Amino acid sequence: MNDDQQYILSIDQGTTSTRAIVFDHDGQIVSTGQKEHEQIFPKSGWVEHDPQEIWRNTRAVVADALQQAEINRHQLAAVGITNQRETAVVWDKNTGEPVYNAIVWQDTRTQKICDRLGGEEGADKYKERVGLPLATYFSGPKVAWILENVEGAKEKAEAGDLLFGNTDAWLVWNLTGGTNGGVHVTDVTNASRTMLMNIDTLDWNADIAADMGIPLSMLPEIKSSSEVYGHGRKQGLLIDTPIAGILGDQQAATFGQACFEVGMGKNTYGTGNFMLVNTGEELVRSDNGLLTTVCYQIGDNKPVYALEGSVAVTGSLVQWVRDNLGLISDAPQIEDLAKQVENNGGCYVVPAFSGLFAPYWKSDARGAIVGLTRYITKNHIARATLESTAFQSAEVLDAMNADSGVELTELKVDGGMVKNETLMQFQADILGVPVVRPKVIETTALGAAYAAGIAVGFWSGEQDVIDNWAEDKRWEPNMDEETRERSMRLWKKAVERTFDWVDDDTEAATA
């Protein structure tokens with residue numbers, strides 16, 4: 001390695017693992033460190049992570065990535081952070097200890113809190129102010145749950161001793177010194193997922209925080225997505241290195257995919273699926289079950305907004321088929337099984353494990369496999385598993401087109417599942433538009449790297465991102481309209497079978 005050459009380090013703190021990736025000036029991957037963390041399921045519908053394990057893993061993967069690249073901190077121009085967004089951490093600012101595990105975005109325990117907050121006005125009570133429906137997905141109600149259920153937490157919070165953040169804020173605080181002067185900040189994209197930030201003015205809403213019983217002293221300072229927030233302190237590996245970019249994972253992928261023009265969109269295939277379409281400096285409110293979110297903000301520039309369709313379970317459905325059903329021993333095997341059959345044989349898998357997100361927002365739905373006959377084999381179930389990802393994304397795209405009034409002409413895709421060519425072809429078929437995969441599919445980590453690099457002048461701005469983006473493969477649709485319409489009709493029928501499943505009996509049966 002050239003000792004003078006500079007790089008950007010991106011920390012990608014995801015739902016199932018934490019990665020550190022070193023990028024060069026061309027936006028190419030130099031090295032990667034990755035470590036999975038434990039998924040904790042204390043009860044049905046509850047999902048937790050250990051924030052201390054995430055912090056330990058972060059330090060380990062940074063060391064791995066630097067070692068593999070054969071560089072040290074002096075060759076890092078900046079560090080960018082991207083993260084699983086609505087996963088809430090509450091910790092004691094004096095000890096640095098979390099008061100409870102991180103409550104993960106998929107967790108549904110806060111349903112009663114959401115119902116209580118909504119009252120007679122229902123799920124749209126805060127939507128005008130925050131761009132989001134009242135749902136278990138978002139961070140605010142999770143913080144409320146911790147304050148209401150963890151002994152002593154409410155008193156500590158009211159005394160000003162507790163801090164809250166999504167995992168981005170938890171990492172930045174620790175990286176910049178923790179109890180020894182750690183910086184408590186988040187960026188506009190993460191703040192826009194808490195239900196606590198005014199979507200138009202980008203500041204905390206004191207009334208909503210009060211409704212949820214959350215003291216404002218707990219909340220991080222809201223910053224842009226690209227500026228120097230602080231410098232590495234506690235962790236010797238990154239000492240004095242500027243921490244200069246934060247983007248929630250889906251916004252980071254949108255940035256890494258160079259979706260800078262109004263109407264440009266991307267779909268990320270990860271634990272869940274997330275489609276974002278850039279709406280520019282205009283804030284578009286959804287009539288079709290989508291979220292209004294901040295796409296990014298570069299320094300002092302005006303914020304850029306997006307519409308987002310969030311699907312809770314896609315890649316994690318393949319994990320479930322592997323770990324819970326034992327139908328496959330590793331994730332890529334699902335494609336081998338799916339390719340053994342021409343179609344799904346009339347079988348549909350609706351993975352409403354933690355309710356349905358966009359465009360339905362039904363937290364009382366639960367998963368179902370429908371259309372089973374003696375004809376169905378594990379190959380059909382494998383195919384239906386893959387197809388469910390494409391069907392859910394198609395419903396989101398329909399909502400996008402209806403809300404924006406602009407038909408998306410192609411879909412940029414990224415994330416782990418885009419290596420699955422059978423899925424990508426079916427996605428193009430069921431959407432009726434081309435699906436395009438870039439050369440670097442780690443666009444989430446790449447987007448955070450760009451945000452950090454732009455803040456310190458390593459890259460000059462969005463044009464560098466556009467110049468670095470390169471197409472790898474394109475799938476053209478080749479399904480006839482009649483088959484497409486019939487498939488979508490049957491899918492919607494299957495989805496309707498999952499509605500209204502949860503009641504007191506089902507909760508008692510899983511307790």
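## Reading strands, helices and buried loops

Modeller: Start with one pair of residues. Thr293 has Ala306, in S16, as its bridge partner. Bear in mind that this is a predicted model.

Colleague: In which sense do S15 and strand S16 pair, and over how many bridges?

Modeller: General idea first. Strands in a sheet are joined by backbone hydrogen bonds, and the pairing is either parallel or antiparallel. Here, S15 and strand S16 (residues 304-311) are antiparallel, with five bridges between them.

Colleague: How many of the residues of strand S15 are buried?

Modeller: Use the cut-off: under 20% relative accessible area is buried. In strand S15 (residues 291-296), six of the six residues are buried, so the rest of the structure largely encloses this strand.

Colleague: Now the open sheet. What is its strand order?

Modeller: The order is S3-S2-S1-S5-S12-S11, six strands with mixed pairing. Strand S3 (29-36) and strand S11 (226-231) are the edges; each has a single partner strand, so one side of each lacks a neighbour in the sheet. Ignoring direction, neighbouring strands here are turned by 25° against each other on average.

Colleague: How do S5 and strand S12 run, parallel or antiparallel?

Modeller: They run parallel, and five bridges join S5 to strand S12 (residues 242-248).

Colleague: Which strands does helix H1 lie across?

Modeller: Helix H1 (residues 51-69) lies across strand S1 (7-13), strand S2 (17-23), S3 and S5. Against S3, H1 runs at about 150°.

Colleague: On to helix pairs. At what angle do the axes of helix H12 and helix H13 cross?

Modeller: Take the distance and the angle together. The axes of helix H12 (residues 378-404) and helix H13 (residues 421-431) cross at roughly 40° and come within 9 Å. H12 and H13 are therefore oblique to each other. Their crossing is right-handed. By class, the contact of H12 with H13 has nine nonpolar, four polar and two charged residues. Among them, H12 gives Leu386, Phe391 and Leu397, and H13 gives Leu423, Phe426 and Ile430.

Colleague: And how are H13 and H16 oriented to each other?

Modeller: Helix H16 (residues 481-496) packs on H13 at an angle of about 100°, with the axes 9 Å apart. H13 and H16 are therefore roughly perpendicular. Asp429, Ile430 and Leu431 of H13 meet Arg484, Ser487 and Met488 of H16. That contact has three nonpolar, one polar and two charged residues.

Colleague: Loops next. Is Glu86 buried or exposed?

Modeller: Glu86 is in the loop between strand S5 (76-83) and strand S6 (88-92). Its relative accessible area is 2%, so Glu86 is buried. Beyond neighbours within four places in sequence, Glu86 contacts residues including Trp105, Tyr137, Lys142 and Arg193.

Colleague: Which residues does Thr110 touch?

Modeller: Locate the residue, then list its contacts. Thr110 is in the loop between strand S7 (102-103) and helix H2 (111-118). Thr110 counts as buried, at 1% relative accessibility. Residues up to four places away in sequence aside, Thr110 touches Thr136, Pro141, Lys142 and Trp145.

Colleague: How far apart in space are Ser44 and Ala65?

Modeller: Count sequence and space separately. Ser44 and Ala65 are 21 residues apart in sequence, and 36 Å apart in space, C-alpha to C-alpha. Ser44 is in the loop between S3 and strand S4 (48-49). With a relative accessible area of 48%, Ser44 is partly exposed.

Technical notes:
Residues numbered from 1 in each chain as written. Predicted model: local features only at pLDDT ≥ 70, side-chain atom pairs only at ≥ 80, totals over all residues. Heavy atoms only, no water. Buried < 20%, exposed > 50% of the residue type's maximum accessible area, 1.4 Å probe, protein only. Helix = DSSP H or I, 4+ residues; strand = E, 2+ residues; numbered from the N terminus. Pairing = 2+ DSSP bridges. Axes fitted to C-alpha atoms, helices over the stretch in contact; angles between N-to-C directions. Parallel < 35°, antiparallel > 145°, perpendicular 65-115°, else oblique. Left-handed = near helix turned anticlockwise from the far one by under 90°. Contact = heavy atoms within 4.5 Å. Nonpolar A, V, L, I, M, F, W, Y, C, P; charged D, E, K, R; others polar.
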